[in-house]
Amino acid sequence: AAQTPAAMTSRQAPLCGLAPRCLWLLGAVLLMDASARPANHSSARERVGSREENEILPPDHLNGVKLEMDGHLNRDFHQEVFLGKDTDGFEQDAEPRRSRRKLMAIFSKVDLNTDRRISAKEMQRWIMEKTAEHFQEAIAESKAHFRAVDPDGDGHVSWDEYKVKFLASKGHDEREVADKIKNKWDLNVDEETQEVLENLKDRWYQADNPPPDLLLTESEFLSFLHPEHSRGMLQFMVKEIIRDLDQDGDKKLSLSEFISLPVGTVENQQGQDVDDGWVRDRKREFEELIDANRDGIVTAAELEDYMDPMNEFSALNEAKQMIAVADENQNHCLEPEEVLKYSEFFTGSKLVDYARSVHEEF
């Protein structure tokens with residue numbers, strides 16, 4: 001199976017894991033067949049899942065976080081921190097002129113000093129703003145999901161209450177499961193479901209702030225669903241991730257350990273291209289963003305900083321990287337023509353006639 005991550009932790013700074021065999025991450029195990037593809041090339045628009053399951057299962061994708069829960073790089077990250085929730089109008093079949101106008105409107109918002117250039121500092125500020133926007137969205141969704149799993153409305157969700165809802169979402173009779181749990185009878189679930197439950201309970205324990213009582217408050221439930229909101233779990237998750245990727249046992253990650261390909265063989269040229277892309281993208285991420293001191297080794301502290309989307313230094317590095325992608329005149333800023341030309345990187349949609357349209361929209 002592909003190297004899969006673990007979950008994250010508690011506070012207002014996220015993380016997203018990349019541990020492979022960390023099954024308690026269950027999002028990847030349950031909602032997608034990670035072993036079927038060596039690298040995550042699906043976009044957020046393609047991710048699906050039943051509404052009921054999404055209400056109670058920790059998601060495998062976190063907006064504005066660099067890594068997916070299955071350890072792959074988040075292919076939509078740059079679009080998520082550039083567009084925020086404002087993604088309407090950039091669909092592949094959207095009217096081009098309308099999309100260009102909307103993109104230039106966003107450009108103007110990022111360009112705080114109105115000099116028609118986006119600097120690294122301006123992009124950093126924008127990234128932080130859009131990340132905070134995603135966090136607020138996650139908090140609002142978590143509140144609704146908490147009510148869905150808190151049947152008695154007492155402000156706490158017990159592990160047993162959650163387990164009933166989880167098994168009901170998997171097709172079990174809710175009343176029957178509740179009776180069995182109440183009477184401590186065997187639930188008669190299959191081995192895979194039992195393993196997922198055990199991994200979920202581990203994660204439940206991690207979200208349960210001291211003193212541990214296996215009762216999650218609304219804020220603790222937020223950490224359970226969205227570990228990126230939690231600092232303490234971030235540190236725990238980094239330890240788990242390093243444990244799963246660390247091949248020589250030095251509790252650090254080398255480049256070769258980080259870019260190790262998922263288990264599987266390449267059977268055709270397309271598969272080879274996917275594997276080449278996996279190595280290239282992870283190598284760039286390791287060298288340019290994660291390995292802060294450029295010594296070829298990633299420590300727990302470096303990985304923790306990288307996985308914290310609210311880390312201002314990391315946001316500045318991201319801003320510089322995003323600018324470098326489209327900075328054709330090498331002035332370390334983004335200009336309207338460049339953003340339009342590289343619109344697919346920023347919005348997911350390729351806009352035509354960018355050179356002419358920049359004069360139409362400004």
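Phe146, Trp159, Tyr162, Trp204, Phe221 and Phe224 together form one aromatic cluster, where the rings of Phe, Tyr and Trp (its six-membered ring) pair if their centres lie within 6.5 Å. This is a predicted model, in which local features need pLDDT of at least 70 and side-chain atom pairs count only at pLDDT 80 or more, while totals for chains, interfaces and linings use all residues. Residues are numbered from 1 along each chain as its sequence is written, and side-chain values use heavy atoms, with hydrogens and water left out.

**Aromatic rings and charges**

- A search of the whole structure finds 11 aromatic pairs, and one of them is formed by Phe82 and Phe346, whose centres are 5.0 Å apart and whose planes make an angle of 50 degrees. This pair is tilted, the word for whatever is neither stacked (planes under 30 degrees apart) nor edge-to-face (over 60).
- Lys66 lies over the face of Phe77, at 4.9 Å from the ring centre, and the charged end of Arg203 sits over the ring of Phe224, 5.8 Å from its centre. A charge sits over a ring if NZ of Lys or CZ of Arg is within 6 Å of the ring centre and within 35 degrees of the ring normal.

**Overall make-up and nonpolar cores**

- The secondary structure comes to 17 helices and four strands, where helices (H or I, at least four residues) and strands (E, at least two) are DSSP runs numbered from the N terminus.
- Of the 362 residues in the protein, 52% are buried.
- Among contacts (heavy atoms within 4.5 Å) between residues at least 6 apart in sequence, 66% join residues at least 24 apart.
- The largest nonpolar core has 27 residues, and those with the most contacts inside it are Phe82, Leu103, Met123, Leu334 and Phe346. Such a core is a set of buried Ala, Val, Leu, Ile, Met, Phe, Trp, Tyr and Cys residues joined through side-chain atoms within 4.5 Å.
- The elements that give two or more residues to this core are α3 (77-83), α4 (96-110), α5 (120-149), α14 (312-326) and α15 (336-341), and the largest share, six residues, comes from α14.
- A second, separate core of 24 residues includes Val149, Val157, Leu197 and Leu216.
- Leaving aside residues up to four places away in sequence, Met123 touches Phe82, Val110, Ile118, Ala319, Met322, Ile323, Leu334 and Phe346.

**Helices α6 and α7**

- The axes of helix α6 (residues 159-169) and helix α7 (residues 174-182) come within 9 Å and cross at roughly 145 degrees; axes are lines fitted to C-alpha atoms, for helices over the stretch in contact, and angles run from 0 to 180 degrees between N-to-C directions.
- Residues of α6 that meet α7 include Asp160, Val164 and Leu167, and their partners in α7 include Glu174, Val177 and Ile181.
- Nine of the 11 residues of α6 are buried, so this helix is largely enclosed by the rest of the structure, and among the buried ones are Trp159, Tyr162 and Phe166.
- Gly171 follows α6 and has a positive phi, near 105 degrees.

**Backbone details in the loops**

- Most residues other than glycine have a negative phi, and most peptide bonds are trans.
- A cis peptide bond joins Pro210 and Pro211, with omega about -5 degrees, and Pro211 is placed in the loop between α8 (191-207) and β2 (215-216).
- Leu214 is also found in the loop between α8 and β2, and its phi is positive, near 65 degrees, although Leu214 is a residue other than glycine.
- Arg116, in the loop between α4 and α5, has a positive phi of about 65 degrees although it is not a glycine, and Arg116 is partly exposed, with a relative accessible area of 39%.

Key: Buried means under 20% relative accessible area, exposed over 50%, partly exposed in between (1.4 Å probe, protein chains only).
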